[in-house]
Amino acid sequence: MTYDHSNIFARILRKEIPSRTVYEDDYALAFYDIAPQAPIHVLVIPKGPYVSIADFSATASADDITGFWRAVAKVAEAEGLTKDGFRLISNSGANSGQEVPHFHVHLFGGAALGPLLS
Ligand code: 5GP
């Protein structure tokens with residue numbers, strides 16, 4: 001799938017629209033979801049133009065993949081979620097309901113989250 005450079009997360013990366021930044025480094029940007037579904041709901045996105053996790057895994061460099069997942073772990077730590085636990089979800093494609101075509105990981109925490117598919 002071709003990457004759409006006008007998608008909302010690309011615009012957030014370019015600072016064209018604001019977001020509540022949690023963490024940023026050379027590999028990733030993390031910001032609070034605009035419609036949180038848990039007490040803590042952060043989106044972590046890579047800085048490169050990847051549509052989904054399959055695209056990211058197949059085409060990003062090893063350094064970019066490592067840097068991204070390290071950033072996810074840093075965000076969980078910075079949000080104080082490592083002791084009580086947290087959940088990561090990444091929607092990919094139509095069946096998942098993926099809304100924004102820029103690879104992202106949802107990080108949920110801050111409470112007991114219940115069953116995964118409810
Ligand atoms: P998806 O369904 O693609 O996995 O999730 C996209 C997420 O992006 C949703 O949870 C939605 O609330 C969030 N979102 C959509 N637009 C914006 C925005 O402009 N700012 C922020 N912070 N989150 C957004």
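Which residue in E5 is the bridge partner of Leu88? In this predicted model, the partner is Leu107.

E2 and E3 run antiparallel and are joined by 5 bridges. Here Ala30 has Val44 of E3 as its bridge partner. E3 also pairs with E5, again in the antiparallel sense and over 5 bridges. Across this second pairing, Leu43 stands opposite His106 of E5. Val44 stands opposite Val105, likewise in E5.

Burial was examined next. In E3, 5 of the 7 residues are buried, so this strand is largely enclosed by the rest of the structure. E5 is also largely enclosed, because 4 of its 5 residues are buried.

In soluble globular proteins, nonpolar side chains tend to be buried together. The largest nonpolar core of the model has 23 residues. Those with the most contacts inside this core are Ala28, Ala30, Val44, Ala71, Val72, Val75 and Leu107. Two or more residues each come from strand E2 (28–32), strand E3 (40–46), helix H3 (62–78) and strand E5 (105–109). H3 gives the largest share, 5 residues.

Leu107 illustrates the packing. Neighbours within four places in sequence were left aside. Leu107 is then in contact with Val42, Val44, Val72, Val75, Ala76, Phe86 and Leu88. Among these contacts, Val44, Val72 and Val75 are named with Leu107 as residues with the most contacts inside the core. Leu88 is both a contact of Leu107 and its bridge partner.

The ligand site was considered separately. The ligand is surrounded by 13 residues. Ile34, Ala35, Asn91, Glu99 and Val100 are the closest. By residue class, the shell holds 7 nonpolar, 4 polar and 2 charged residues.

Ala54 is found in helix H2 (residues 53–59). This residue counts as partly exposed because it has 14 C-beta neighbours inside 10 Å, and the class lies between the limits of 12 or fewer for exposed and 20 or more for buried. The C-alpha atoms of Ala54 and Ser92 are separated by 8.0 Å, although the two residues are 38 residues apart along the chain.

Lys15 lies in the loop between helix H1 (8–13) and strand E1 (21–24). Its phi is near 60 degrees, a positive value in a residue other than glycine. Is Lys15 buried or exposed? Lys15 is exposed, because 10 other C-beta atoms lie within 10 Å and the limit for this class is 12 or fewer.

Key: Residues numbered from 1 in each chain as written. Predicted model: local features only at pLDDT ≥ 70, side-chain atom pairs only at ≥ 80, totals over all residues. Near = placed C-beta within 6 Å. Nonpolar A, V, L, I, M, F, W, Y, C, P; charged D, E, K, R; others polar. Core = buried A, V, L, I, M, F, W, Y, C linked by C-beta atoms within 7 Å. Contact = placed C-beta atoms within 7 Å. Pairing = 2+ DSSP bridges.
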